[in-house]
Amino acid sequence: MQTDWQASAAGEAQAAAGGRLAGIARRDRSRGEIQHGLGHVHVSRAAGIAGDFRGALAAQKSSFKRQVSLIEAESWAAAIEDLRLDLPWWVRRNNLLVHGVRLPRQEKFVLGIGDECRLLVTMECDPCSRMEEIAPGLKAALLPDWRGGFLAEVIADGDIAVGDQVRIEL
């Protein structure tokens, strides 16, 4: 049995280590079906998440701000708990699900995933009306405290896999 100070020390060590990548999803076109449950994927400045339309589209437009989208598992859980629904995270249509790390509610910080991949968070991912098509009230549940997620551009290519460490590199 752990004492309070052992549990506290373990919690602090986990927070210092960062979180984990808990999910990867992509779609090949706008409003396209979500491919979820991917175990690993290549991420690049040229194409974002390999096989995802948003990253390639961003590269064509020379606007990388919306190349990759991600959401915290804890924020998703809070939103669907508010609605008393049981919805999988990928219906939010984000590319990456991170768990165990609270991301800064600000623009312009670097997020490291795995050994090489680096993302520059560019803005909040505001929920759109598509969320209301999924479940009434979902858009409003995702509005507070950046619950809808984060948008980022790729600044360092790399292969990522579910279970990889996710860390803030300010």
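Rings of Phe, Tyr and Trp, the last represented by its six-membered ring, are taken to pair if their centres lie within 6.5 Å. In the predicted model, ring pairs on this basis link Phe109, Trp146 and Phe150 into a cluster, and a search of the whole structure finds 3 aromatic pairs. For tryptophan 89 and tryptophan 90, the ring centres are 6.5 Å apart and the planes stand at 80°, so the pair is edge-to-face. Tryptophan 89 counts as buried at 10% relative accessibility, whereas tryptophan 90, with a relative accessible area of 26%, is partly exposed. The rings of phenylalanine 109 and phenylalanine 150 are likewise edge-to-face, because their planes lie at 80°, with centres 6.4 Å apart. This pair links distant parts of the chain, as phenylalanine 109 belongs to strand S7 (residues 109–113) and phenylalanine 150, 41 residues away, to strand S9 (residues 150–156); both residues are buried.

The secondary structure of the protein comprises 5 helices and 11 strands. An open sheet is formed by 3 strands in the order S4-S3-S10, with antiparallel pairing, and its edge strands, S4 (48–49) and S10 (158–161), each pair on one side only. Strand S3 (residues 40–44) is joined to S10 in the antiparallel sense over 4 bridges, and valine 43 has glycine 158 as its bridge partner in S10.

Among contacts between residues at least 6 apart in sequence, 72% join residues at least 24 apart.

How values were computed. Residues numbered from 1 in each chain as written. Predicted model: local features only at pLDDT ≥ 70, side-chain atom pairs only at ≥ 80, totals over all residues. Heavy atoms only, no water. Pairing = 2+ DSSP bridges. Helix = DSSP H or I, 4+ residues; strand = E, 2+ residues; numbered from the N terminus. Contact = heavy atoms within 4.5 Å. Phe/Tyr/Trp six-rings, centres within 6.5 Å; stacked < 30°, edge-to-face > 60°. Buried < 20%, exposed > 50% of the residue type's maximum accessible area, 1.4 Å probe, protein only.
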